[in-house]
Structures are given as C-alpha cells and as structure tokens.
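Work through the exercises below with the sequence and the model side by side, and try each task before reading its solution.

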Amino acid sequence: MPDDPFRANLSRRHALGLLAVTAGGGVFLPASVRAQEGSEGLRLLPNAGVCTITPATTEGPYHFDPVLERSDITEGRKGAGLVVRLQVVDQDCQPIEAARVDIWHCDAEGHYSGYPGQGDGRDVDTTGEKFLRGWQRTDRNGIVAFRTIYPGWYRGRTTHIHFKAFPSDASVLTGQMFFPDDVSESIYASVAPYNRRSAKRDTMNGDDRILRRAGAGVQSAVRQGESAYEAEMILAIQRDE
C-alpha cells in the first residue's frame, strides 16, 4: 500500500486495479485483480463486468453547491478517516479527464451542513456551514480523491455518500455510493463520536429503498488502510453523441 493513501494521482497499476475490483462492490478489496494495459491506455479485461452504466439515484434534500474546489472536505468534523476515490469512465470504459465530481454526505451524528432541522431530535441547525462538501476535476485517468470521514447515518437511510459527476457542461450523473453494513456497524459500535449516539440505526442496506432500486452498481469497494479507510467506485457514464 502507498505511504500516502490519499494520492489522487494513482500509479497506472493501481488505477487498473481500481477499474477491475469494483465489479464485486460492497466488499473488501481482494488481494489480487485481473487487468491489462493496451497500447491506447487503460483497458479492462473482456467481460470484467464493470463497464455498465452507473444507475442514477435521487439527489436528496440536502444538496447545494458550496463553490468549494477542494480535496479535503473534513472541516474538522470528527470521525473515522476516509479516502474516497471515484473514477469517471465512459461507456467504453475509457477515463474521462477534467470531469467535475461533487460529493456531499452527513457527519458522524447524521448532520448535513447547510440546513436546519438536523439530527435525531431535528433540533440541530447547520445553516451557513459547508463541512463534508466539495468538488474536484478528474485527472488523466479519470480519478478524483477526497479526504473526509466515514459517513454516519440518519433515520430511514443506510450509509451513503451523494455525488454528481459532470462529464461535460451539458450533462450530469447524480447518484449515491453505498458501504458494506459490516464495516459500518463495526465503526459505529467502536469509534467516537459514532458510538456516542443514543439512537439506534434503523435502516440497513437491504432495507434502503434507494439502494434496492439502484442495485449492485452503486456499492463501493472498501478496505481499511494504514491511516484511513478507503472507498473506491467506478462511475460509468454514457457520453453524449
């Protein structure tokens, strides 16, 4: 594993591995992956099963554009460290360079920035705050990396991160990435401040209506690195003709 798990400019070998492992989604990354590099750049093995268009999901009620181009979106929020890597590719599995990618998610206690009526008691007001939001443009391998914390949960939803990917100014994919229940449960039970909540998590992956409609294509691959958890996912987008 690299000394710095946050490196957005991954090695070519790691980028190929990122493309290959997300077919299984929602599990810890396997020790080895199968991929190959062709003369024209990054390639996938035939029938790798990862070059399927990522399903769109609802934007949700907590989106706004914070106008913040940044890689570290933490803003001092406490929780288990997480590096999110997203790779934007087209329908032919070719990386899309300079695509804009936005992400946003709740903190360890289930609060989104920028809105009143947050929290288990609906009495937390985060108006004017911009924590756990930001955007970047993809590198030549179609990759962006964000440093954040592992998302918490709130009533009626399983663990997730929202994203918007803009392959061009005229198109956008809005979606959500999801996390393995066993990883989430372990963090929520053992790490502060997740484990300080008196409320009990009420929705798992199998119960989440949005995840059920979207299917396996929105499950991230997660592993525990030396200094942070790492979550990776392919965003395959149909290019406009």
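A residue is called buried under 20% relative accessible area, exposed over 50%, and partly exposed in between, with a 1.4 Å probe and protein chains only. The model is predicted, so local features need pLDDT of at least 70 and side-chain atom pairs count only at pLDDT 80 or more, while totals for chains, interfaces and linings use all residues. Residues are numbered from 1 along each chain as its sequence is written, and side-chain values use heavy atoms, with hydrogens and water left out.

**Exercise 1.** Determine whether Glu185 and Arg201 are buried or partly exposed, and state how their side chains meet.

Solution. Begin with Arg201, whose relative accessible area of 15% makes this residue buried. Glu185, in turn, has a relative accessible area of 32% and is therefore partly exposed. The two side chains meet in a salt bridge, with 2.7 Å from N to O; the term stands for a side-chain nitrogen of Lys or Arg within 4 Å of a carboxyl oxygen of Asp or Glu. Finally, locate the partners: Glu185 belongs to helix H2 and Arg201 to the loop between H2 and H3, so that the pair links distant parts of the chain, 16 residues apart. Helices (H or I, at least four residues) and strands (E, at least two) are DSSP runs, numbered from the N terminus.

**Exercise 2.** Find which parts of the chain the salt bridge between Asp120 and Arg197 ties together.

Solution. The closest N and O atoms of Asp120 and Arg197 are 2.5 Å apart. Asp120 lies in the loop between S4 and S5, whereas Arg197 lies in the loop between helix H2 (181-190) and helix H3 (209-214), so the pair ties together parts that are 77 residues apart in sequence. As for accessibility, Asp120 is partly exposed at 26%, while Arg197 is buried at 12%.

**Exercise 3.** Describe the open sheet, and explain which strands stand at its edges.

Solution. Four strands form the sheet in the order S5-S4-S7-S8, with antiparallel pairing, where two strands pair if DSSP finds at least two bridges between them. Strand S5 (133-137) and strand S8 (171-178) each have a single partner strand and stand at the edges, so one side of each is left without a neighbour in the sheet. Within the sheet, S4 (residues 100-104) and S7 (residues 160-168) are joined by five bridges, and Arg100 stands opposite Phe166 in S7.
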